[in-house]
Amino acid sequence: MAHYKQGPDPKREQFRRYLEKAGVVDSLTSVLVSLYEQQEKPNNALEFVKQQLGVVGQTSEDAEALQQEVINLRQKCARLAGENKELKAKLQRYESVPEDGGTAN
């Protein structure tokens, strides 16, 4: 039986390059280093990795979109608060008018 040295699998090599290019390898390495450096290891290492990847996965685009959403929601809240104030004032005027439609003497 002849033994020959098998070279790297082209599909695996292509997949490895894909993961490197996408930043997956760097992200995973960073998370694993962070886990390694923990003085007290978490009880659930997988949950730790998931949480860390969630933080790593947030891009500046995500942050910008969230900041814009906060701005929009604050503006909407201010507009609704103003509308609420106006409606309360109108309601108070109608409540102060006597029921018979006359004016108070």
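1. A polar contact is a pair of N or O atoms within 3.5 Å; within protein, one atom must be able to donate a hydrogen and the other to accept it. In this predicted model, such a pair occurs at the start of H1, where a side-chain oxygen of aspartate 9 comes to within 3.1 Å of the backbone nitrogen of lysine 11.

2. Helix H1 itself covers residues 10-21, which is 12 residues. From first C-alpha to last, H1 reaches 16 Å, close to the 16 Å expected at 1.5 Å a residue. Just after H1, glycine 23 adopts a positive phi of about 85°.

3. How many of the 12 residues of H1 are buried? The count is zero, and H1 is hardly covered. For the protein chain, buried residues amount to 4% of the 105 residues.

4. The secondary structure of the protein chain consists of four helices and zero strands. Along the sequence the pattern reads α-α-α-α.

5. The protein chain has an accessible surface of about 10,200 Å². Carbon and sulfur atoms account for 54% of that surface.

6. On aromatic residues, two items can be recorded. The structure holds one aromatic pair. Separately listed is a charge over a ring: lysine 41 lies over the face of tyrosine 36, at 5.7 Å from the ring centre. The cut-off for such an arrangement is 6 Å from the ring centre, applied to NZ in the case of Lys.

Methods: Residues numbered from 1 in each chain as written. Predicted model: local features only at pLDDT ≥ 70, side-chain atom pairs only at ≥ 80, totals over all residues. Heavy atoms only, no water. Phe/Tyr/Trp six-rings, centres within 6.5 Å; stacked < 30°, edge-to-face > 60°. Lys NZ or Arg CZ within 6 Å of the ring centre and 35° of its normal. Helix = DSSP H or I, 4+ residues; strand = E, 2+ residues; numbered from the N terminus. Expected span 1.5 Å × (residues − 1). Buried < 20%, exposed > 50% of the residue type's maximum accessible area, 1.4 Å probe, protein only. Areas by Shrake-Rupley, 256 points an atom, 1.4 Å probe, with all protein chains shown as cover.
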